[in-house]
Amino acid sequence: GTGRQQQAMAFERLRQLSEAHERLKHRIHNFRMPIRNKRTLFFVKCLYGTVPIVLGYGVMQLVAPDQKALEEKLRAMEARDPEGYAQARQVAEANRRQLQEVLRKAEQAAERARAAQQ
């Protein structure tokens, strides 16, 4: 279906990006030119540190699901199979409650640990 094609295209884009990144890393790490100016060195270090963050954010934007498309899928599922949709909602709600309980216990444990340190 279309979803699989989009996943395959996204995977191919990630593969190409990864290959380009490897080529760039090879080029950068094999290039030797000492940077004596402290401001330039600072700029290069900042650039080197922020590029992965910016590119990572861009990749996240590419692969993040479209909220409207997900809502449309859910509406279509509800219309097609109301009983199955209701069951899926119950399971999702149970999972949400279970996660909230785990988080609540973790917060309590962290609070006890903080209190014990004081």
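1. The axes of α1 (residues 2-30) and α2 (residues 38-63) cross at roughly 170° and come within 11 Å. Axes here are lines fitted to C-alpha atoms, for helices over the stretch in contact, with angles from 0 to 180 degrees between N-to-C directions.

2. This is a predicted model, in which local features need pLDDT of at least 70 and side-chain atom pairs count only at pLDDT 80 or more, while totals for chains, interfaces and linings use all residues. Residues are numbered from 1 along each chain as its sequence is written, and side-chain values use heavy atoms, with hydrogens and water left out.

3. On the α1 side, A10, R13, L14, L17, I28 and H29 meet Y48, V59, L62 and V63 of α2 (contact: heavy atoms within 4.5 Å). This contact of α1 with α2 has 8 nonpolar, 1 polar and 1 charged residues. Nonpolar covers Ala, Val, Leu, Ile, Met, Phe, Trp, Tyr, Cys and Pro; charged covers Asp, Glu, Lys and Arg; the others, Gly among them, are polar.

4. The protein chain has 4 helices and 0 strands, in the order α-α-α-α along the sequence. Its radius of gyration is 24 Å, well over the 13 Å that the globule rule gives for 118 residues, so the chain is more spread out than a compact globule. The radius is taken over C-alpha atoms, and the rule is 2.2 Å times the number of residues to the power 0.38. Along the principal axes, the C-alpha atoms fill a box of roughly 70 × 55 × 20 Å. Helices (H or I, at least four residues) and strands (E, at least two) are DSSP runs, numbered from the N terminus.

5. For α3 (residues 67-80) and α4 (residues 82-117), the axes come within 5 Å and cross at roughly 125°; the two helices are therefore oblique to each other. In α3, L74, M77, E78, A79 and R80 meet P82, G84, Y85 and A88 in α4. The residues of this contact divide into 6 nonpolar, 1 polar and 2 charged.

6. The largest pocket has a volume of about 630 Å³. A pocket is an open set of points on a 1 Å grid over the protein atoms alone, where a 1.4 Å probe fits, with protein on both sides within 12 Å along at least five of seven lines; lining residues have an atom within 4 Å of a point. Grid points are joined across faces, edges and corners, and a volume is the space filled by probe spheres set on the points. Of its 17 lining residues, L24, I28, V44, L47 and Y48 are the closest to the centre. The lining has 13 nonpolar, 2 polar and 2 charged residues.

7. The second largest pocket holds about 460 Å³ of space. G3, Q6, Q7, V63 and P65 are the closest to its centre among 15 lining residues. The largest share of this lining, 7 residues, comes from α1.

Key:
Angles under 35 degrees count as roughly parallel, over 145 as roughly antiparallel, 65 to 115 as roughly perpendicular and the rest as oblique.
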